[in-house]
Amino acid sequence: MTLQSRNLSLAYGKRVVVEGLDLDVPEGRVTAIVGPNGCGKSTALRGLARLLRPTAGQVLLDGTDIHSLPTRTVARRVGLLPQSPIVPEGITVAELVARGRHPHHGLLRQWTRDDDRIVAESLERTHTTDLAGRPVDQLSGGQRQRVWIAMALAQRTGLLLLDEPTSFLDIAHQVEVLDLVRDLSVEDGTTVVMVLHDLPLAARYADHLIAMRDGAIVAEGRPRDVVTADTVCDVFGITCRVRWEHAGDVSVIPLGRHLPTHGQESPEEPPHARVRVAGRP
Amino acid sequence: MTVQTRPAPDLSAALGAMSLATRAVRRRSLVVLTGLLVLLLGLVAARVLLGDYTITIPDFVRIVTGADIPGASYILLESKLPRAVAGTLAGLALGATGATFQTMARNPLASPDVLGITLGCSAAAVSAAVLLDAPGGMVSLAALGGGAAVAVALVVLSGTHPGAAPGRMILVGIALAAMLVSVIHWVLVRADIYQAHEAMVWLTGSLNGVTWSEIRLLTLVVVVALPLLLYVGSHLQVVELGDDLASGLGRHPRATRTRAIALVVVLTAATTAVCGPIAFVAFLSGPTARRLLRGRPSLLTAGLVGAVIVVAADYLAAYALPGNNFPVGVVTGLAGAPFLLWLLATSRPVKETA
């Protein structure tokens, strides 16, 4: 399953947010879109998810213009987790996850044992089995995010689009969610595209990184090639020091205006200034 | 299209947890539905057999199967039975439509009677009856047109579909409702005293003069539109997750809402044309059903609650004060307000997620 955009332009009313985007989502890999607030990364994802009609260009799902496909056909191939989905009152985890089966049902195609099995697998996969009977509105942020991902999994699509799946989560829950995303990619071969705020986390967890600014792609490629002091300066407009270690760990240290600056590759920086994120190798 | 590389995991724990979770919910809704159904049947039986003129069950069976018992036949077939049947149908429609709008807008204020849809039906029907002296069929069509016009105005004036900006839609609805009330007053002022009195009784919401031909119309509409509404309601369950997610799950949120609104307008128009705008029923049934189901909305349960309210209120309206045969709307209006306050006072604070 391939997802591409060709010369894609997206706008809200007259305000053009994304312009001339050419994008090839690598199959079976985790792609992260990063960039400053308002750079159009979430808009680009909404465009890829068919939520916005392009003002120019197109999004191609397996080579077909996504807007020429029926909504339900798209929903059986592409799963989407928007930034702030709404939890209906009183709904339990099991029910919410079951709603992921919606695109596979119709008047003639009702709930079957297979659906039960798929929902059960989605719960197991996201470690939410113990929560099955709990009302979703009583869960913690991290649990709730795992439940939403379980719902997206129950949709059984080979492609998942996640809009800031880690926002409002503390670091432990961020890592928990991103570990799950990697599991899905590595073990199931799911293609994942996610918008992320946190650059080191994105570099750590993505196979492919897309850095955007002002509605266009500034840099794209392997995290190690994209996350450099120059690109970060270019994309976010800050000066920083970037350190890659051989295991693939990356530290991005913003220099700011107040902290003492060391040389570009000073080995003895103060430990408190290092932002280092370690996840699973 | 998921690549299956892992061995099939053991799902018995998850399946067990799921069936436990759904069993509790199902049991609750089964108990509530059965309870409401039994209550409704009891109320309908009381409405038909008891009151100021008691009809025995054997007599009831004989009359319904064609026998003519002087006095009893007339009272049963021309008053008791039509009022019970019309009350049940109207209550089902009002309850389900109210809950549909409330669920869609995620706001208990957003019921068709508060938003002016019911008033649109009333204003058009009263205008047709009083100003044009239109026959019954035309009045029903006018009600439909009035309700549809208000629904379109709501959507256009609030600049968006309900659900997207519930607060705005409620404000527009209240403004429209105020305007329609003055239209109704204007029509009543122009009417002669006899017409005005008749119109006032109807505007209060009344089952007193319901005829079998009106009931046929109402039955037809409810039998067709209510199941459709319940079906669209199952799609609304996806739409209520938010527009983006609904699209992601293959359900067009706008189209789904438009269908739901159209069905609500048809049901409201038919009910209003036959019994007038029965106060508070559409507004109260949803929250009551939700309370019975511990916070979970259900259109069918709300419909049954509506039917129970209307039939019970009509019994009181007819027999509570001997010699007085009130319109049912007087009772629902009187009982509705304190009941609403009780609901408010005892409900858990609702988190505003929209």
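## The contact between the chains

Two residues are in contact if their C-beta atoms, placed from the backbone, lie within 7 Å. In this predicted model, 37 residues of chain B are in contact with 40 residues of chain A. On the side of chain B that touches chain A, the elements that give two or more residues are helix 1 (12-49), helix 8 (212-239) and helix 9 (243-248) of chain B. Of these, helix 1 of chain B gives the most, with 10 residues. Sorted by class, this side of chain B has 19 nonpolar, 11 polar and seven charged residues.

## The overall form of chain B

Chain B has 13 helices and zero strands. Its pattern along the sequence is accordingly written α-α-α-α-α-α-α-α-α-α-α-α-α.

The C-alpha trace of chain B spans about 80 × 50 × 40 Å along its principal axes. A compact globule of 354 residues would have a radius of gyration near 20 Å, and the 22 Å of chain B agrees with this.

## Helix 12 of chain B and its partners

Two packed helices are described by the angle between their axes and the distance between the axes. Helix 3 (residues 72-105) and helix 12 (residues 299-319) of chain B pack at an angle of about 140°, with their axes 6 Å apart. Helix 3 of chain B and helix 12 of chain B are therefore oblique to each other, because angles over 145 degrees would be needed to count as roughly antiparallel. The crossing of helix 3 of chain B and helix 12 of chain B is right-handed. The residues of this contact comprise 15 nonpolar, eight polar and two charged.

Helix 8 of chain B also packs with helix 12 of chain B, at an angle of about 140° and with the axes 10 Å apart. That angle makes helix 8 of chain B oblique to helix 12 of chain B. From helix 8 of chain B, Leu226(B), Leu229(B), Leu230(B) and Gly233(B) meet Leu299(B), Leu300(B) and Gly303(B) in helix 12 of chain B. By class, the contact of helix 8 with helix 12 of chain B has five nonpolar, two polar and no charged residues.

## Confidence in chain A

The mean pLDDT of chain A is 86, and 92% of its residues reach 70 or more. Over residues 264-281 of chain A, however, the pLDDT is below 50. This stretch of chain A has 24 contacts in the model beyond near neighbours in sequence. Where pLDDT is low, the predicted coordinates should not be read in detail.

Terms used:
Residues are numbered from 1 along each chain as its sequence is written. Chains are lettered from A and ligands numbered from 1 in the order in which they are written. This is a predicted model: local features need pLDDT of at least 70, side-chain atom pairs count only at pLDDT 80 or more; totals for chains, interfaces and linings use all residues. Helices (H or I, at least four residues) and strands (E, at least two) are DSSP runs, numbered from the N terminus. Ala, Val, Leu, Ile, Met, Phe, Trp, Tyr, Cys and Pro count as nonpolar, Asp, Glu, Lys and Arg as charged, and the others, Gly among them, as polar. Axes are lines fitted to C-alpha atoms, for helices over the stretch in contact, and angles run from 0 to 180 degrees between N-to-C directions. Angles under 35 degrees count as roughly parallel, over 145 as roughly antiparallel, 65 to 115 as roughly perpendicular and the rest as oblique. A crossing is left-handed if the near helix is turned anticlockwise from the far one by less than a right angle, and right-handed if clockwise. pLDDT is the predictor's confidence in each residue, from 0 to 100. The radius of gyration is taken over C-alpha atoms; the globule rule is 2.2 Å times the number of residues to the power 0.38.
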